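Thanks for coming. Please have a look at it first.

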Amino acid sequence: MDDKFLRDSFDQIGIELTDDQVSKFDKYYNLILEKNKVMNLTKITDYHDAVTKHFVDSLSLVLLDDDISIIKRFHNGALVIDVGTGAGFPGIPLKIVFPEIRLTLLDSVNKKLDFLRHVCTELGFNDVNIIHGRAEDIAHIKGKRETFDFCVSRAVGNLETLSEYCLPFVKKNGFFISYKSEKADEELSLCKHAFSELRGKLVQEATFELPYSDISRTLLLIMKTGNTPKIYPRKAGTPSRNPL
């Protein structure tokens with residue numbers, strides 16, 4: 001482990017890690033490596049790459065406009081859902097740095113969720129809600145729909161589809177934060193109808209390079225302006241086959 005690299009990388013985005021947080025990131029990394037031997041969680045296994053492309057990238061939302069007070073809201077126990085969490089990104093890194101958040105992890109692959117249950121046990125997170133299911137179904141359940149202050153997603157997919165998966169979870173005046181691997185201008189240009197239908201409004205687009213790399217990332221901050229019509233999200237598979 002290179003804890004100095006871990007600390008320095010987080011310093012680059014304004015986060016000073018505690019010794020306990022460093023220990024949790026190292027333990028999380030080791031758990032991923034071990035599970036990756038029998039299950040395809042990630043292709044990124046080098047420690048430095050994992051720090052940059054998974055851990056720091058997950059926390060890059062702190063670079064968004066301070067007017068939104070994301071950091072303050074997280075420290076105050078914001079309700080956060082990670083849709084399509086996979087190996088736990090960005091949800092688990094967010095929970096390590098902001099233990100006050102009330103986190104829900106959602107994925108359709110139960111084996112991955114079994115791994116995340118083990119991770120939460122090992123890291124001492126006994127208040128994380130882990131849900132097996134598809135966003136198209138779970139978003140229609142009372143107590144999940146329009147409940148969360150923030151929905152975050154690093155899932156692969158076009159923004160129109162992700163918005164239909166994610167915005168129904170967000171309460172009015174809450175936010176959907178989409179992590180994109182590159183500039184998203186083309187996707188945004190196709191999302192006007194989707195945002196109008198789902199009651200979303202782009203309030204910030206932030207493009208930056210990950211620390212100690214030339215890797216470009218874009219964060220999209222989308223505010224929920226009203227209640228999403230009950231027909232959304234449409235039945236499983238439809239949002240990806242026929243985006244709004």
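**Salt bridges, helix packing and cysteines**

I start with K24, which forms a salt bridge with D20, the closest N and O atoms being 2.8 Å apart. Salt bridge here means a side-chain nitrogen of Lys or Arg within 4 Å of a carboxyl oxygen of Asp or Glu.

Some ground rules. This is a predicted model, where local features need pLDDT of at least 70 and side-chain atom pairs count only at pLDDT 80 or more, while totals for chains, interfaces and linings use all residues. Residues are numbered from 1 along each chain as its sequence is written, and side-chain values use heavy atoms, with hydrogens and water left out.

Back to the pair. K24 and D20 are 4 residues apart in helix α2, so about one helical turn separates them. As a reminder, an α-helix has 3.6 residues a turn, so residues three or four places apart point the same way.

Is K24 buried or exposed? K24 is buried, with a relative accessible area of 16%, whereas D20 is partly exposed at 45%. The classes are buried under 20% relative accessible area, exposed over 50%, and partly exposed in between, with a 1.4 Å probe and protein chains only.

What does K24 contact beyond its neighbours within four places in sequence? The contacts are I96, L123 and F125, where contact means heavy atoms within 4.5 Å. K24 and E122 are 98 residues apart in sequence, and their C-alpha atoms are 8.9 Å apart in space.

How many salt bridges are there by this rule? The count comes to 13. Another of them joins the side chains of D19 and R7, at 2.5 Å from N to O. D19 lies in helix α2 (residues 19–36) and R7 in helix α1 (residues 3–11), so this pair ties together parts that are 12 residues apart in sequence. D19 counts as exposed at 59% relative accessibility, and R7 as partly exposed at 27%.

R217 and D57 also meet in a salt bridge, with 3.4 Å from N to O. That pair links distant parts of the chain, 160 residues apart: R217 sits in strand β7 (residues 216–224) and D57 in helix α3 (residues 47–59). Both R217 and D57 are buried. R154 joins them, and D57, R154 and R217 are linked in a network of salt bridges.

Next, the helices. In α1, the buried residues are F5, L6, S9 and F10. Seen down the axis of α1, they fall within an arc of 125 degrees, so they line one face of the helix. The arc is taken over the directions from the helix axis to the C-beta atoms. What covers these buried residues includes α2, α3 and α5 (91–97).

How do α2 and α3 pack? Their axes come within 11 Å and cross at roughly 110 degrees, which makes α2 roughly perpendicular to α3. Axes are lines fitted to C-alpha atoms, for helices over the stretch in contact, and angles run from 0 to 180 degrees between N-to-C directions. Under 35 degrees counts as roughly parallel, over 145 as roughly antiparallel, 65 to 115 as roughly perpendicular, and the rest as oblique. On the α2 side the contact is made by F25, D26, Y28 and Y29, and on the α3 side by Y47, A50 and F55.

Now two buried positions elsewhere. E164 is in helix α8 (residues 159–166) and is buried, with a relative accessible area of 0%. Not counting residues up to four places away in sequence, E164 touches L198, Y232, P233, R234, P239 and L244. T228 is in the loop between β7 and α11 (238–241) and counts as buried at 4% relative accessibility. With neighbours within four places set aside, T228 is in contact with R145, E146, L167, P168, L198 and R199.

Last, the cysteines. A search of the whole structure finds 0 disulfides, a disulfide being a pair of cysteine sulfur atoms within 2.5 Å. For C120, the nearest cysteine sulfur is that of C151, 17 Å away, and C120 is buried at 4%. For C191, the nearest cysteine sulfur is that of C166, 12 Å away, and C191 counts as buried at 0% relative accessibility.
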